[in-house]
Amino acid sequence: MSSSNSSQLHSAAAGCSSGQMFLQPVWDRLRTREALTQSPFFPVIFAITTYVSFCLPFVVLDLLCPWVPALRRCKIQPQLLGHVVLCLLLFDAEFFAWHVLHHRVPWLYRTFHKVHHQNAPSFALATQYVSAWELFSLGFFDVVNVWLLQCHPLTVLVFHTLNIWLSVEDHSGYDFPWSTHRLVPFGWYGGVVHHDLHHSHFNYNFAPYFTHWDRLWGTLRPPRAR
């Protein structure tokens with residue numbers, strides 16, 4: 001065997017050895033987790049974790065896109081953020097009309113909406129403490145809005161996630177310095193204080209999020225200074 005062939009074999013063996021040394025700690029660690037790796041749920045957990053890990057960088061890019069011109073030039077469909085805001089505004093208007101109707105018509109209130117007002121002090125779990133009709137009808141608004149606007153799947157995901165968070169925050173019973181209504185200027189967003197007053201004064205603050213509909217209809221009750 002020539003010296004050149006010997007050196008090539010030696011180099012290949014060294015490369016394999018270094019690769020084994022690099023992967024060996026990973027393999028040893030996996031062997032200590034056999035209960036997890038042999039579980040029938042492991043392929044599902046691994047697939048979901050890998051999928052979310054690959055998606056996360058692009059989700060971050062979508063959030064940065066409105067403020068980074070270079071990203072907007074590469075973006076195929078740039079209206080994601082606008083559709084999220086539009087979906088929130090549509091839902092806010094629909095909920096306001098639905099809410100006023102269910103307070104002003106006694107039969108509707110007694111039959112469907114009174115369940116939600118059984119707890120005057122609001123708390124997070126009261127968000128979904130509603131009748132089946134209320135849950136179905138408000139969910140219907142969510143589905144119809146994204147269908148009418150032909151929203152991108154990512155827009156649908158962001159809208160539903162944000163809608164759920166804002167609903168829970170409205171019923172949380174906590175007014176933090178970082179609460180959403182403190183981050184939106186000029187009192188355009190009511191937030192937790194706005195909705196808490198609705199639970200204690202039934203004829204005011206019908207809109208779930210924004211304040212413009214209550215202002216227009218004369219049903220806005222601003223919070224007292226604390």
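Biologist: What covers the buried residues of α8?
Modeller: The cover includes α3, α5 (80-104), α7 (132-148), α9 (180-183) and α10 (191-200). Contact means heavy atoms within 4.5 Å. Helices are DSSP runs (H or I, at least four residues), numbered from the N terminus. This is a predicted model: local features need pLDDT of at least 70, side-chain atom pairs count only at pLDDT 80 or more, and totals for chains, interfaces and linings use all residues. Residues are numbered from 1 along each chain as its sequence is written, and side-chain values use heavy atoms, with hydrogens and water left out.

Biologist: Which residues of α8 are buried?
Modeller: Among them are Leu154, Phe159, Leu166 and His171. Buried means under 20% relative accessible area, exposed over 50%, partly exposed in between (1.4 Å probe, protein chains only).

Biologist: And what is valine 156 in contact with, leaving aside its neighbours within four places in sequence?
Modeller: Val146 and Cys151. Valine 156 also lies 9.1 Å from leucine 80, C-alpha to C-alpha, though 76 residues separate the two in sequence.

Biologist: What follows α8?
Modeller: Glycine 173, with a positive phi near 85°.

Biologist: Switching to α3. Where does it bend?
Modeller: At leucine 56, by about 30°. That is the angle between axes fitted to the seven residues ending there and the seven starting there. Proline 57 follows within four residues.

Biologist: How many salt bridges does a search of the whole structure find?
Modeller: One. Arginine 182 pairs with aspartate 175, closest N and O atoms 2.9 Å apart. The criterion is a side-chain nitrogen of Lys or Arg within 4 Å of a carboxyl oxygen of Asp or Glu.

Biologist: Why does arginine 182 count as partly exposed?
Modeller: Because its relative accessibility is 45%. Aspartate 175 also counts as partly exposed, at 21%.

Notes
Helices (H or I, at least four residues) and strands (E, at least two) are DSSP runs, numbered from the N terminus.
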